[in-house]
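Let's take a walk through this protein together. Have the picture in view as you read, and look for each spot as it comes up.

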Amino acid sequence: MAFTSRLLCRSRQLCVGQAVLQRENAVAVRFYAKEAAPPAMLKGDEMLWNIFFDVKKKFETALGILRKEKITIDPEDPAAVTQYAKVMKTIREKADLLSVSQKVKNIIQEQTKGIPDARTYLLTLKDIRIKNGLPDDLGAEAMMFDALEKVEKEIKKQLLRDDKKGMALLVAEFDKINKKLGIHKEDLPKYEEELELKLAKDQLTEIKQEVVEEMSNQIKRKEFQDEKMVDVRSLDIRNFI
């Protein structure tokens, strides 16, 4: 079950699912402890109950999918990576969870709200990218800062986001960067799919490392010294649920 929990913990919304399941009976005591009709829930209690119930539902949905779908722990096998990404996508869709790009979009909207100048905005985007483990393989970020330097030298002042003319110059520079890198708006779904596959490979790599480490620790124990360590690719998580 510990191995399965690692998969579920890929989503923050699902991480607390186990705690919800454990507390379910304890919460119910509040409503059935007395023979008399239970009092109406307070607003705060009702809100917390709804949150717990929603997380519990998401957790059970994810667990149900993991019981059915085969996941091969082999980050070097493109088919295994694609299958893992597909399972995670199914979990997100069935449990009504956000994709990585949707999460990042929401974070950007929240953390850049009220930022007055373009430089702080770009620095905030860089911080968000790093914290969320998003790659910049093309070096677009450095090009964007170079473009900002060029515009600010041209307008001879700090570029503010409410400066329509200055921002139009910056957007034009960004369009040149996108053209140079071969990035097109119509290809955004393809870029998102590529990102999901990269993240899936990274997650499978992390899972493999943890599984190998755990098996290595177990095999050192006296009662398992005669056992041979199995190939992680042969493990089926459905047997651990």
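## What lines the pocket

In this predicted model, the lining of the largest pocket is made up of 25 nonpolar, five polar and 14 charged residues. Here Ala, Val, Leu, Ile, Met, Phe, Trp, Tyr, Cys and Pro count as nonpolar, Asp, Glu, Lys and Arg as charged, and the others, Gly among them, as polar. The lining has 44 residues, and those nearest the pocket's centre are Ala140, Met144, Ile183, Leu188 and Tyr191. Two or more lining residues come from each of helix 6 (100-111), helix 7 (118-131), helix 8 (140-155), helix 9 (164-181) and helix 10 (188-219). Helix 9 gives the largest share, with nine residues.

How much space lies in the largest pocket? About 1,900 Å³. Rolling a probe the size of a water molecule over the atoms shows where empty space is left. A pocket is an open set of points on a 1 Å grid over the protein atoms alone, where a 1.4 Å probe fits, with protein on both sides within 12 Å along at least five of seven lines; lining residues have an atom within 4 Å of a point. Points are joined across faces, edges and corners, and the volume is the space filled by probe spheres set on them.

## How the model is read

Residues are numbered from 1 along each chain as its sequence is written, and side-chain values use heavy atoms, with hydrogens and water left out. As this is a predicted model, local features need pLDDT of at least 70 and side-chain atom pairs count only at pLDDT 80 or more, while totals for chains, interfaces and linings use all residues.

## The whole chain

The chain has 10 helices and zero strands; both are DSSP runs numbered from the N terminus (helices: H or I, at least four residues; strands: E, at least two). Of its 241 residues, 28% count as buried, where buried means under 20% relative accessible area, exposed over 50%, and partly exposed in between (1.4 Å probe, protein chains only).

Now for contacts, meaning heavy atoms within 4.5 Å. Among those with a separation of 6 or more, 65% are between residues 24 or more positions apart.

Asp96 sits in the loop between helix 5 (78-94) and helix 6. Its phi is positive, about 60 degrees, although Asp96 is not a glycine. Asp96 is exposed, at 64% relative accessible area. Lys156, in the loop between helix 8 and helix 9, also has a positive phi of about 60 degrees without being a glycine. Is Lys156 buried or exposed? Lys156 is exposed, at 73% relative accessibility.

Ile237 lies in the segment after helix 10 and is buried, with a relative accessible area of 0%. The C-alpha atoms of Ile237 and Arg67 are 7.9 Å apart, though 170 residues separate the two along the chain.
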